[in-house]
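Hi there,

Here is the structure I promised to pass along. Have a look through it when you get a moment, and then read on for what turned up.

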Amino acid sequence: MRQLFFKDMDTPVGKIRLVSSNKGLAAILWEDENYKRSKLDEPILDNSHPILLQVEQQLAEYFTKKRTVFKVPLDFIGTDFQVKVWNALLTIQYGKTKTYGALAQILGDIKAVRAVGGALNKNPIAIIVPCHRVVGADGKMIGFAGGVQNKKILLELESDVKVQTLF
């Protein structure tokens with residue numbers, strides 16, 4: 001069994017919870033989010049865990065536009081397909097977006113759009129594994145665990161362009 005540790009952080013998108021094993025970052029959870037969506041065991045508080053401190057520093061740099069690429073060890077906890085999708089997310093560059101269809105195409109199966117969406121819904125490492133950079137075929141912001149408003153904040157932070165939301 002993998003021991004998990006957590007540290008909370010205040011950010012422009014609210015309080016987030018950083019969760020790590022000794023191997024790497026396992027999750028960034030939204031305020032008031034429970035562990036069921038990401039299927040993680042309950043972590044224990046450790047405000048001085050070295051991986052959590054590294055993640056906190058890099059996120060602070062990201063939110064102040066001093067970082068566009070994260071360099072932290074990751075510890076994905078998911079199915080083989082989910083991990084494959086989450087790794088594909090890491091190829092979407094800062095300030096860019098891709099559609100669910102384009103992501104399915106990268107994975108080699110354009111018919112896997114729904115499965116890709118399901119895997120994105122289970123992405124436990126928000127922001128660093130950038131599911132906020134995935135939009136609908138028509139460019140609409142849909143399906144984001146942190147809420148469409150936070151998706152908008154993240155996309156605007158990365159692009160310096162006001163994002164239109166269509167609710």
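This is a predicted model: local features need pLDDT of at least 70, side-chain atom pairs count only at pLDDT 80 or more; totals for chains, interfaces and linings use all residues.

**The nonpolar core**

The largest nonpolar core has 39 residues, and the members that touch the most others are I28, L59 and I127. At least two residues each come from the strands β1 (5-11), β2 (14-20) and β3 (25-30), and likewise from the helices α1 (50-63), α2 (80-89), α3 (100-106), α4 (113-121) and α5 (148-159). The top contributor is α1, which gives six residues. As general background, nonpolar side chains in soluble globular proteins tend to be buried together.

Leaving aside residues up to four places away in sequence, I28 touches I16, R17, L18, V55, L59, P124, I125, A126 and I128. There is also a second, separate core of seven residues, with F6, V19, A27 and L29 among them.

**The largest pocket**

The largest pocket has a volume of about 230 Å³. Its lining is made up of 15 residues, and those nearest the pocket centre are V69, F70, L90, I128 and R133. Sorted by class, this lining holds 11 nonpolar, three polar and one charged residues.

**The cavity**

How many cavities of 30 Å³ or more are there? The count comes to one. The largest cavity holds about 50 Å³ of space. Lining the largest cavity are Y100, L120, N121, C131, V134, G143, F144 and A145. Six of these lining residues are nonpolar and two are polar, with no charged ones.

**A residue in a loop**

Finally, a word on E42, which is found in the loop between β3 and β4 (44-45). Is E42 buried or exposed? With a relative accessibility of 59%, E42 counts as exposed, because the cut-off for exposed is over 50%. E42 and F6 are 36 residues apart along the chain, and their C-alpha atoms are separated by 9.2 Å. F6 is one of the residues of the second core.

Best wishes

Conventions
Residues are numbered from 1 along each chain as its sequence is written. Side-chain values use heavy atoms; hydrogens and water are left out. A nonpolar core is a set of buried Ala, Val, Leu, Ile, Met, Phe, Trp, Tyr and Cys residues joined through side-chain atoms within 4.5 Å. Buried means under 20% relative accessible area, exposed over 50%, partly exposed in between (1.4 Å probe, protein chains only). Helices (H or I, at least four residues) and strands (E, at least two) are DSSP runs, numbered from the N terminus. Contact means heavy atoms within 4.5 Å. On a 1 Å grid over the protein atoms alone, a cavity is a set of points where a 1.4 Å probe fits but cannot get out, and a pocket is an open set with protein on both sides within 12 Å along at least five of seven lines; lining residues have an atom within 4 Å of a point. Grid points are joined across faces, edges and corners, and a volume is the space filled by probe spheres set on the points. Ala, Val, Leu, Ile, Met, Phe, Trp, Tyr, Cys and Pro count as nonpolar, Asp, Glu, Lys and Arg as charged, and the others, Gly among them, as polar.
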